[in-house]
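Visitor: I would like to go through this model element by element. Please show it first.

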Amino acid sequence: MAIQYIASSKLPTPFGIFIMHGFEDTVTGKEHVALTMGDIANGEPVLARAHSECLTGDALFSMRCDCGYQLETALRSVANAGHGVVLYLRQEGRGIGLLNKIRAYNLQDQGADTVEANEKLGFAADMRDYSMCEPMLSHLGIHAIRLMTNNPRKVKALSEAGVTVVERVAIEVGRNPHNEGYLSTKAAKLGHMLTGGELTHQDDNANADSL
C-alpha cells in the first residue's frame, strides 16, 4: 500500500472547524480523509478514531448499526477536547463494499446475524485493513493515539500496522430497538466491549437513524 497526501482544506461542522486532509492509496485508488482539530503534533497522545465508511449509517441515517452515532460522537469528542483526529476510511461494510453489504442486509432480514450473513456470501466477518492509518498519522505528525473504539481487534490491528495505541476510549452510543441484535453479535462473536444501556429512540437525537 502506498499512501499519498493530496491536499488540505477547512471543514466547518456543527461541532467546530476541522481541517480535512485528503490521502490516496495509489495502488487501489481509494481515497481516505483525516479530520483534525487543534495542536496534534506536540508529541502528546492524540484522541483519535479510525472510522470505516458506512453510507447507510453515516449519511442515510440507518438504525441498523451504531456507525453514524459513533462518527458524530467522535467528532464532538475531538471538538470538546480541543484537539484530535478522525480518520475516515473508505472500506464500506467491514470491507465487503456497499452492494455486498446490501446483500448481507437481505440475509439478515431473513434471520442471519451479521457474521453469518458475511460468511454466507463467502467473506470473513471483518475484511477491513488498517495499514493506511500509520502513514496518514505520520504525515500529520501524530505518533501515539488514544483510540475511540469498543473493538479490541481494532486496537490490535492498528498496533500491528505500526500505530502506537496508548489507551482505548469507549464510544458506546446509539443503541436502539433496530440494532439490538447487531450489537449483541458484535459483543458475542467479534469481542466488542459493550456494556449495554438504555435504548435510544428515533426522536431522541437528530441523527438517531445514523447508527
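Visitor: In which strand is Thr 13 found?

Guide: This is a predicted model, in which local features need pLDDT of at least 70 and side-chain atom pairs count only at pLDDT 80 or more, while totals for chains, interfaces and linings use all residues. Residues are numbered from 1 along each chain as its sequence is written, and side-chain values use heavy atoms, with hydrogens and water left out. Helices (H or I, at least four residues) and strands (E, at least two) are DSSP runs numbered from the N terminus. On that numbering, the strand of residues 3-13 that holds Thr 13 is β1.

Visitor: Is Thr 13 buried, partly exposed or exposed?

Guide: Buried means under 20% relative accessible area, exposed over 50%, and partly exposed in between (1.4 Å probe, protein chains only). Thr 13 has a relative accessible area of 23%, so the class is partly exposed.

Visitor: What distance separates the C-alpha atoms of Thr 13 and Arg 76?

Guide: Along the chain, Thr 13 and Arg 76 are 63 residues apart. Their C-alpha atoms are separated by 9.8 Å.

Visitor: Which residue meets Arg 76 in a salt bridge?

Guide: A salt bridge is a side-chain nitrogen of Lys or Arg within 4 Å of a carboxyl oxygen of Asp or Glu. An α-helix has 3.6 residues a turn, so residues three or four places apart point the same way. The N to O distance is 2.8 Å, and the partner is Glu 72.

Visitor: How many of the 15 residues of α2 are buried?

Guide: The buried residues of α2 include Cys 67, Tyr 69, Leu 71, Leu 75 and Val 78. Helix α2 is largely enclosed by the rest of the structure, because the buried residues number eleven of the 15.

Visitor: What distance separates the end C-alpha atoms of α2?

Guide: The expected span of a helix is 1.5 Å times one less than its number of residues. For the 15 residues of α2 this rule gives 21 Å, and the distance in the model agrees: 21 Å.

Visitor: Which residue just after α2 takes a positive phi?

Guide: The phi in question is about 90 degrees. The residue that takes it, just after α2, is Gly 82.

Visitor: How many residues apart in sequence are the parts tied together by Arg 64 and Asp 109?

Guide: The side chains of Arg 64 and Asp 109 meet in a salt bridge at 3.1 Å, N to O. Arg 64 lies in the loop between α1 (55-59) and α2 (67-81), and Asp 109 in helix α3, so the parts that the pair ties together are apart in sequence by 45 residues.

Visitor: How many salt bridges does the count come to?

Guide: Another of them joins Asp 126 and Arg 128, whose closest N and O atoms are 2.8 Å apart. Asp 126 is partly exposed at 27% relative accessibility. By the rule above, the count comes to eight.

Visitor: How many disulfides does the structure hold?

Guide: A disulfide is a covalent bond between the sulfur atoms of two cysteines; here the test is a pair of cysteine sulfur atoms within 2.5 Å. The sulfur of Cys 54 is 3.7 Å from the closest cysteine sulfur, in Cys 67, which is too far for a bond. Cys 54 is buried, with a relative accessible area of 3%. The number of disulfides is zero.

Visitor: Which helix gives the largest share of the nonpolar patch?

Guide: The patch covers about 450 Å² and is made by Leu 55, Leu 60, Leu 98, Leu 99 and Ile 102. Patches are made of residues with over 30% relative accessible area and no salt bridge: like charges are joined within 9 Å, nonpolar side chains (Val, Leu, Ile, Met, Phe, Trp, Tyr) within 5 Å. Areas come from the Shrake-Rupley method with a 1.4 Å probe; for residues, only the protein chains shown count as cover. Three residues, the largest share, come from helix α3.

Visitor: In which helix is Asn 118 placed?

Guide: Asn 118 is buried, with a relative accessible area of 5%. Contact means heavy atoms within 4.5 Å, and the residues that Asn 118 touches include Ile 96, Ala 104 and Phe 123, not counting residues up to four places away in sequence. Its helix spans residues 114-120 and is α4.
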